[in-house]
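Please look over the two chains shown here before reading on.

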Amino acid sequence: MEGSSRNIYQSIIYLCGFLLFWEWLRPLSTISDTGSLSVFVGYTAFCFLISMLKLKSWLSFLLKLAGLLFVIDVLFISERMFSKGWFYLIYVHGQFNVEMILNQQWNEMTPMFRSFLFLLLLWLMSYLLYYWFVIAKRIFLFILLTFIYITILDTFTMYDGSLAIIRIFVVSLVAMGINGVASLIDRESISQFGLRKITAWFLPLLGVILFSMLVGFASPKLDPQWPDPVPFIQSTAENAGFNRGNVVQKVGYGEDDSQLGGSFIQDHSPVFQAATSQDNYWRIESKDFYSGKGWEQSTPYNYQEQSDGRIMLKTFRDGIDTTERRAMVRMEEDANLPKVVYPYGIRQIQGMGQDTNFLLDEVTGSIQPEQSGFNGYDITYRYPSFSIDKLQTSSEEDPEGIKDLYLQLPDDLPERVKDLAEQIVVEEETRYDKVTAIEQYFSLNGYTYQTENVAVPEEDEDYVDQFLFETMVGYCDNFSTSMVVLLRSLDIPARWVKGFTNGDLLEEQPQVPDGLDVYQISNSNAHSWVEVYFPDVGWVPFEPTVGFASPVDFFEETTADPSDNDSDVENEQEDEVEQEQEEEEDLTGNFQDFEDDSGQMGETFSEESSTKIWSWIITIAVILAVCFTLYFTRYRWVSYFILKHYKQREDKSVSQDAYHYLLKILERKGIKRERGQTLREYAKFVDEKFESTEMSRLTHYYERTIYRNEDNSGQWDKISELWENLVKRSLS
Amino acid sequence: MTQQIFLYNSKVSKILRNINKVMIGKEEVATLSLVALLAEGHVLLEDVPGVGKTMLVRTLSKSVNCEFKRIQFTPDLLPSDVTGVSIYNPKEMEFEFRGGPILGDIVLADEINRTSPKTQSALLEAMEEMSVTVDGRSISLNQPFFVMATQNPIEYEGTYPLPEAQLDRFLLKLNMGYPSQEQELEMLERTSKEHPIQTIDSVMTKEELISIQKEVREVFVDKPVQQYIVSIVTKTRTHRSVYLGVSPRGSIALMKAAKAYAFIHGRDYVIPDDVKYLAPFVLGHRIILNSEAKFEGITPGVVVNEILGAVPVPVRREYP
């Protein structure tokens, strides 16, 4: 009767353990690419069941092993089980994977082997939880870990743990309630636990669970105390470079711009180095379709092979003043940027070191090498300078093809965006004036550049509308997208361009051809800006983002000689522009200083204050963690030192100190000696718990020293062995 | 010392084995009686007739090869019936001392509470003084001398319960208790042909017993254990249910008994376990409860156990 009821309690507790562990497996399909989750859950259930049946250890080992092989067989092996080919396959896999492990090529391990390891882990967990829940009856730690696990996943990943939390809550309350009864029965050695007592115990338990559930459900909940990191990570993930393997993703160049918004972490990992005679923006491609949330490309990419590296890309017309320049780009090996970055006016491109053909999509301006894995190229380009006069006098008759693509706006774009656009340009007449008015609107009206705490539009919100009227803080995507939308609402064709800014001039210049400076461009230089169409000029880049300088030169013709364009032709406006540029450069320079500092501290955050706070938090957390670990494992390491120390000591009080230290450990383990309990009685009690005789034997030696005043240094070997075993046993 | 213990220990266990042959399920009483014998104390057995008190003493005396005497106490028993009388021998023309039953080695004083206090005190005095005085002559008692007195707790009519002060003279007070059904069945089985007492042999001589008693006195009681004994005893004096606590003689008794108990277990040193085990038997009859406690149904055993639970066991010693 007693045994069976205890078995029932143990089974229920262990079942709770399984349910809790299930919660650990559930999110795997969301947060990783684990497939066939049900099979793994099934195997876990199987292992738990076997453990619960308390079979002989060899039998349960065999059963679990058989289950493991069966799962592997079902998932991966088409051969008949236990046939010759089957064993051969297992052997080959094993050999291969062991080799990969020895070479530390973790990614090369086969799915079968990874599943095998995972199943092994499940198996071990079934044993560990059996130990925690049934033998040691210490379930709180696991419950706590489960809560922490789910809350972290819920906070930092896509996994929605709102239901899981409730399940864990109920299951853990049940488990702890029953564990309470079971340990009470054990401790007081109650043999008769009749139906009345069971109801007297379980009805309140049930009541407490239901009540706390109701209270928890009905009570008001505090809003999140810090910005939800999920969209933040999502957005940075989508902006991130091509490092697909990384779990935490950062800012950088990315393909998918359909969901803009959210804060991002600065990532200073280098993407490429460029040697140019003058700094310039690095274009990658443009996008034409604004969805209300972000940018997409309405036409499919149509890559054409460019013969001899002559790039037939014309973003502006031939009559524009240009300077012939040369640039060399060397890609960082791990940057994995699949597209070519190029300056405006690209004419010719040549792969460095290897001969490769380049492909161009004319609409977006996206250039790709035919073979991947190229590491650098040489570009000849004619960098444009735009004559303001020409822009002012440009006709406004846009071709139909341009209108079709670059005037698109979402149907549900709020009216106030259009109203604002008209209001901004109300005094402007030419297209150029309108464009510059809008370009300067942001800096003149208190819009701020900021990478943190940047909002993400809600389901029914427009990205541009939110930025223009509500948040007024953001980074390049906000500014550039807003400018494009504002222009389009005025029927001015515009498109959104992405690429990189000029980057940082390297302090130590590598050996490059004369006249070239080497710039380092990192993921944090990823940028977006605006191109506006002028029928007589072509696409002209504009830079609306506060704190960034315009990528190209604009000049006003005072003489009729167009060849003077990049000489000292200056006038007031250009002065102004330059001053502005200088100021802005100072600003960016400051930013970069910060970034450098934080980079030295090993942090990835851009703003000084948050860097400091974070580094403090992390330092404190690490110290706390170390302290806690030391504190919680104090008996472990202290006993190691004590044993060493005791072995060196000779006097009689050694064994007394050692014995009392052991008593202290045991007391901490919940086996406390009562005041009136003699050592012998206590030792017997301890031995019953441990199912051994070590404590009684040790106590026997100890009794002789303290009650007979005997010197037991002759038996010190035996004593220390017993002592050590007991310490280990009580710490395990 | 250790060797002697080893030597005698086997004999001691043989005595216990003998008793177990005759008495079934009475290991505890047997051990405790042996404790009293080895500690040179005396035992008061309180139990109903027919549970084997006599058999226990007889087995014990036969095992240690001692002379067994029995005094059946009755209301009209005179002190001289216990101690002996001088009788005039006309032939020798002088008084000749005829020793009473108290001059045996092991004496069973049966139903001691049925006799007059005068006779009782004659016995108790003899137990304490180890000698009797008859007609001005002091006659020392045998060595060893072991009294096992019994009293019947049922019949109080016409009895003279031993005064508390005199109970002090007994080292231990024991209860026999009834055997269990199986034990009683086995008892029937064993006694059906011949009584098992016929089959046992003595395991030691009287001299050996005396030297064992000497060894027992030598058993080591360390300071912490002595301190433990004293703590327990003094605690009885302040316990709220106690009217009169245990006297210092009780402390000595507890230590003596503990030494014997340790010896029986093959140890030449006393551990707190010995003290703790023996305390209820040694101290129980030395405590007089106050009337509230009696009214509440508390027994001395309960009090002693409560004290044992509260007095901390010494588990470390001071090293200079």
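Predicted model: local features only at pLDDT ≥ 70, side-chain atom pairs only at ≥ 80, totals over all residues.

Residues are numbered from 1 along each chain as its sequence is written, and chains are lettered from A and ligands numbered from 1 in the order in which they are written.

Chain B holds 13 helices and 11 strands, where helices (H or I, at least four residues) and strands (E, at least two) are DSSP runs numbered from the N terminus. Of its 320 residues, 42% count as buried; a residue is buried if 20 or more other C-beta atoms lie within 10 Å of its own, exposed if 12 or fewer, and partly exposed in between, with C-beta atoms placed from the backbone. Five strands of chain B form an open sheet with parallel pairing, in the order β2-β5-β8-β1-β9, and two strands pair if DSSP finds at least two bridges between them. The edge strands, each pairing on one side only, are β2 (68-72) and β9 (172-174) of chain B, and the twist from one strand to the next averages 20 degrees. Between β2(B) and β5 (residues 106-110) of chain B there are 5 bridges in the parallel sense, and B:D110 in β5(B) stands opposite B:Q72. Across β1 (43-46), β2, β5 and β8 (146-151) of chain B lies helix α3 (residues 53-63) of chain B, which runs at about 170 degrees to β5(B); such angles run from 0 to 180 degrees between N-to-C directions, and axes are lines fitted to C-alpha atoms, for helices over the stretch in contact.

Where the chains touch, 20 residues come from chain B and 16 residues from chain A, two residues being in contact if their C-beta atoms, placed from the backbone, lie within 7 Å. On the side of chain B that touches chain A, the elements giving two or more residues are α9 (223-238), α11 (272-283) and α13 (300-310) of chain B.

In chain A, helix α8 (residues 162-187) and helix α9 (residues 195-218) pack at an angle of about 155 degrees with their axes 10 Å apart. The two helices α8(A) and α9(A) are therefore roughly antiparallel to each other, a term used for angles over 145 degrees. Their contact is made by A:V170, A:L173, A:V174, A:G177 and A:V181 of α8(A) together with A:W201, A:L205, A:I209 and A:M213 of α9(A).

Further along chain A, strand β16 (residues 526-534) is mostly covered, with 9 of its 9 residues buried. Strand β13 (residues 494-500) of chain A is joined to β16(A) by 7 bridges and runs antiparallel to it, with A:A494 opposite A:V532 in β16(A). Strand β17 (residues 538-542) of chain A also pairs with β16(A) in the antiparallel sense, over 5 bridges, and the two form a hairpin with 3 residues between them; within this pairing, A:W539 in β17(A) is the bridge partner of A:Y533.

Finally, is A:K339 buried or exposed? A:K339 is found in the loop between β6 (321-331) and β7 (346-351) of chain A, and A:K339 counts as buried because it has 20 C-beta neighbours inside 10 Å. A:K339 and A:Q368 are 29 residues apart in sequence, yet their C-alpha atoms are 4.8 Å apart in space.

Technical notes. Parallel < 35°, antiparallel > 145°, perpendicular 65-115°, else oblique.
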